[in-house]
Amino acid sequence: MDNSLLLQLITGSIIGLGAGYVGSFMVLRRMSLVGDALSHVALPGIALALLFNLNPFFGAFVALFFAIFGIWILEKKTELPSETLVGVFFTSSLALGLLLTPEPELLEALFGDITQITKLDLAITFIAVTTIFLIMRKISNNLMLSIISKELAQALKIPVNKINFIFLFLVAVVVVLGLKIVGTLLMGALVIIPAAAAKNASVNLSQYTRLAILFGALSAVGGLLLARYSGITPGPTIVLTAGVIFLGTLVFKK
Amino acid sequence: MFQAILNGTIIPMDSNVLLQVKNLNIKFNSNQIIKDLNLSVNQGDVLAIVGPNGAGKSVLFRALLGLIPYSGKIEWTENLKISYVPQKFAIDRELPLSSKEFLSFKKKGEKEIIDVLLSVGIGAEHKNDPAHRLRHITDHVLKQRLGWLSGGQLQRVLIAWALLDNPDVLLFDEPTSGIDVGGEETIYGMLKKLHSERNLTMLLISHDLNIVYKYANNVLCLNKEMICYGSPATALDSSALIKLYGSETGFYRHENHHH
């Protein structure tokens, strides 16, 4: 195994861990479709950053931040995230991004390019995912409570809106991290599918989040190896690996 | 225990007042939900709140809990622990959350959780065999997904959740469906027992006047404004019922229950 593959596998699996953890609560909040489409918003951000000679990941993050802010406002006003509005808005932003992104960078933005990963990327990914884990551990009980009953959570004086915002912020962070390996088109799927698979196979919350985290990492590692030995771009192989895991868990569906 | 109502003002007869509500008004946009409500609740009271759908009963609870804006005064005695069982609590069957995890959100140990589940009557069908009952609680309730519990079991687990904090006051918003008639009867029996054992003050939103006659010592009839208030036997007269529901039909007084 060469060094570059090892670097890819480590970085990819760390991103998979973070995506699985954050994704487990996206699925519980019935945000599968929203989460899936959310990553598309990164594209116009990347495009604008490239046009203005800025770091494309900075552009992606700013665009995602606006998107999660929009979701947060919508959730505060209505009980459920407005799927239609979000779907229309997010896919339109993908179309806009496709028009704006310069041709040479388009393929990389859409599907990621893990061959360009550096040790600095690994360090950033490690720090970011560790932070995500620490924050998720702190907020997950209250997040769960606000998912099952907002009233119950509010009666316990849990700051529901603040926690929702922190959570959505973490979603934006994990999507940005994944852009390099999976790309804007498919990163949402890496957040959602491992969690959806874990949900099939678990009875309680700790089992569920652990499985989602594990499936996230497995999808990344399996997909990267598959990509390396078949010569395909890793983005699709990672998401397909997650899809196969999902099919496998249907057998254990409780 | 009881208050006299003179011209809409309430004069407490003793000093055990836990809750005073004065000139409460609640509006959503331009919709008046609750109008000029005055009310007081004493230590140990069981106050039932009745009224048609959309009368503002659940909204009143939310205001009492400080979850929504209002005008007027809501004064609880200081340092009261208030617990709340909401009406709407639909749990997805697929939700990966065990009852134990749910109850553990209150940061209490397993023993306290089991004790409170026993006191709300979980596994009461095995009450002659304590070891069997304990196994039933751990294996079939605590390890179970919350969404797999029956309506009645879920209601009891919710009440257990509310009781884990050792509250002074319990606000119970009765679900309109989900509990079968037999189960409902025993849930109120259980609440009555808790009321006397723990000296719990209770505010119940109920849809069943029989429950009110049987278990409450005070009743508030609410239809955006106060229609009647007092002991169920005197306050729920036919004119109040007609004002409340449009007709008297369907609601029978249980003359055989005495208080």
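This is a predicted model: local features need pLDDT of at least 70, side-chain atom pairs count only at pLDDT 80 or more; totals for chains, interfaces and linings use all residues.
Residues are numbered from 1 along each chain as its sequence is written, and chains are lettered from A and ligands numbered from 1 in the order in which they are written.

Let's start with the sheet. Chain B has an open sheet of 3 strands, in the order E4-E3-E6, with antiparallel pairing. Strands here are DSSP runs of E, at least two residues, and helices are runs of H or I, at least four, numbered from the N terminus; two strands pair if DSSP finds at least two bridges between them. Strand E4 (31-42) and strand E6 (71-76) of chain B each have a single partner strand, so one side of each lacks a neighbour in the sheet. Between E3 (residues 17-28) and E4 of chain B there are 8 bridges, and Val21(B) sits opposite Leu39(B) in E4(B).

Now, where do the chains meet? In total, 15 residues of chain A are in contact with 13 residues of chain B, contact being C-beta atoms, placed from the backbone, within 7 Å. On the chain A side, helices H7 (119-148), H8 (150-155) and H11 (205-230) each give two or more residues.

Leaving aside neighbours within four places in sequence, Lys143(B) is in contact with Ser98(B), Lys100(B) and Thr138(B). Its C-alpha atom is 9.1 Å from that of Leu97(B), 46 residues away along the chain.

Key. Two residues are in contact if their C-beta atoms, placed from the backbone, lie within 7 Å.
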